[in-house]
Amino acid sequence: MKGHSPMRRHPNLVLIITDHTNAEAVAPGSPCLKPHLDALASEGIRFHRCHTPNAICSPARASLMTGLFPSTHGIWDCTHTQPRGWVDMEPGEFPFFSERLVEVGYRTGYFGKWHVESSGCLDRFGWQEYDVAVSHLEGREAADAPRVVLKTPGYRDYAICSEMEDDPRRPLPAHPAFEKGIGFIRRCASEGVPFCCVVSTDEPHDPYQPLQRFLQCYDLSSIPLPSTLRDRGEGKPEIVRRMQRVWRDLSDDAWRRIRASYWAVISYLDHEVGRLMAALRETGVWDDTIVLFTSDHGDMVGSHGLSTKGVGTAYEPVYNIPLIIRVPGGPRGTEERMTEVNTVDLAPTLLDFCGAAPLERMHGRSLRPLFEGGKLEPGENYAEFYGQRFVYTQRIVWCGDWKYVFNPGGCDELYNLRDDPHESVNRAEDAACREVLLDMVRRMWRRMRTIGDHSLLRTSYPTLRTAPVGPLAEESALS
């Protein structure tokens, strides 16, 4: 691009992966204070239609590493929740993008939350330097600070938010994952080797525990609440209404504290993003480095009267996640609002930029054309969910203004996200939307066929015929 030297053949890569961050929190104009992420977006492309392939950590992170959907890579639940043989990977079974980078001369480093597979031996997957014990900021809960506590009969009390002890007279504590990543960057820069550095955080995963000085940046009395906070789950699967009971007794002020605490944690992470960006400039590698910010999935944070994520939460605050990519010499300050992007697209994109061979059977596509003046088809997006203790199953399709959720264990859902961005009115039983519904179901079957998700696709067993139309309808539409 004009005014920029050409990007070198093997650009450095920096990936910042947070946990539980939804796109709404870091969108332009959000009440969440995030000046450094806004600065990063001003130097690259912010994708507004990026969706995670899964609503929980391990499946989503494994998809990011492999470019595959969970039904293929086999990590269908969080690695600590099931017997190891059910949710684990063997080296070489599905190559990671990091392995390809090593093949073309990259030095690779991974610091912070892993949660992709259970061995914790990242060198088996192409990460030469790593420390997964630095995933969150260490600290003590502030004494006598207000807390929001969930009380459910027969379950342990759970403090969903509190505050971390903080002395404003002292410098801000450095997040250990960022600190390790910055050290890795400095070493690689001094040696002149191309590098890929991942900084991955537990935050802002619940419980939301911000440093006090960041929470004090928010006026609790003016925190906006979601328009769906007090909805009763009409038109939603029964499991949503059951989950709403857990949160229903919380006051509006409690919800304001929850939301402010969530944003305040992100504000601290934003400060650390600023430190990392400064280190790239100080070491002279900023102009040779692709910087990417994203999350494994989002968080409801009050939408539909729920918080956190997982079973039944097929809604945009969980599935619509932030994605900012800054490429040296690429577009600056671009808001990409049309192209459907999934985190399975990240591995092919990074390998494409770095001149490395693509992974086998990648489901994603490279986004590189968008950074070089080209276009990609708007297309459709897709996600799979089956996991989190209950082995709960959902499939989700986005296409144009529409979103369809296949809920075999409950009512299906259909939303027009242009007219109803908060997913308040389920149109699945609306006769006027019948053709849209059937089209979205056919798209679901077609994507299953493409991916190789055969469990539902290849059955015609009577008790499993719960979709509005079966997979043969998709075959008929193609013929």
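Helices (H or I, at least four residues) and strands (E, at least two) are DSSP runs, numbered from the N terminus. With that naming in hand, welcome to a predicted model whose chain holds 14 helices and 16 strands. Its radius of gyration, taken over C-alpha atoms, is 22 Å, close to the 23 Å that the globule rule gives for 479 residues, so the chain is as compact as a globular protein of that length. That rule is 2.2 Å times the number of residues to the power 0.38.

**Ground rules and confidence**

- Residues are numbered from 1 along each chain as its sequence is written, and side-chain values use heavy atoms, with hydrogens and water left out.
- As this is a predicted model, local features need pLDDT of at least 70 and side-chain atom pairs count only at pLDDT 80 or more, while totals for chains, interfaces and linings use all residues.
- The chain has a mean pLDDT (the predictor's confidence in each residue, from 0 to 100) of 94, and 98% of its residues reach 70 or more.
- Please take care with residues 1-5, where pLDDT stays under 50; for this stretch the model has five contacts (heavy atoms within 4.5 Å) beyond four places in sequence.

**Overall fold**

- The C-alpha trace spans about 65 × 60 × 45 Å along its principal axes.
- Of the 479 residues, 58% count as buried; buried means under 20% relative accessible area, exposed over 50%, and partly exposed in between (1.4 Å probe, protein chains only).
- Among contacts with a separation of 6 or more, 72% come from residues 24 or more positions apart.

**The largest pocket**

- A pocket is defined on a 1 Å grid over the protein atoms alone, as an open set of points where a 1.4 Å probe fits, with protein on both sides within 12 Å along at least five of seven lines; lining residues have an atom within 4 Å of a point.
- Grid points are joined across faces, edges and corners, and a volume is the space filled by probe spheres set on the points.
- The largest pocket has a volume of about 1,600 Å³.
- Its lining has 41 residues, and the closest to the pocket centre are Tyr 155, Val 246, Trp 247, Thr 308 and Gln 388.
- Helix α8 (238-247) and strand β6 (148-150) each supply at least two lining residues, and α8 gives the largest share, with seven.
- By residue class, this lining divides into 18 nonpolar, eleven polar and twelve charged. Here Ala, Val, Leu, Ile, Met, Phe, Trp, Tyr, Cys and Pro count as nonpolar, Asp, Glu, Lys and Arg as charged, and the others, Gly among them, as polar.

**The second largest pocket**

- The second largest pocket has a volume of about 940 Å³.
- It is lined by 45 residues, and those nearest its centre are Glu 24, His 48, Glu 316, Asn 320 and Pro 421.
- Two or more lining residues come from each of α1 (23-26), β2 (45-47), α9 (252-282), α10 (316-319) and β10 (323-326).
- The largest share, four residues, belongs to α1.
- This lining comprises 22 nonpolar, twelve polar and eleven charged residues.

- Ala 279 lies in helix α9 and counts as buried at 1% relative accessibility.
- Beyond its neighbours within four places in sequence, Ala 279 is in contact with Ile 182 and Arg 186. Ala 279 and Arg 186 are 93 residues apart in sequence, yet 7.5 Å apart in space, C-alpha to C-alpha.
- Pro 328 sits in the loop between β10 and β11 (334-336) and is buried, with a relative accessible area of 9%.
- Pro 328 and Asp 296 are 32 residues apart in sequence and 25 Å apart in space, C-alpha to C-alpha.

**Backbone points to check**

- Most residues other than glycine have a negative phi, and most peptide bonds are trans.
- The bond from Glu 203 to Pro 204 is cis, with omega near 0 degrees, and Pro 204 is in the loop between β8 (195-200) and α7 (212-215).
- The bond from Asp 206 to Pro 207 is also cis, with omega near -5 degrees; Pro 207 is in the loop between β8 and α7.
- His 115, in the loop between β4 (107-112) and β5 (129-131), has a positive phi near 60 degrees and counts as buried at 17% relative accessibility.
- Val 391, in the loop between β13 (380-387) and β14 (392-399), has a positive phi of about 50 degrees and counts as partly exposed at 46% relative accessibility.
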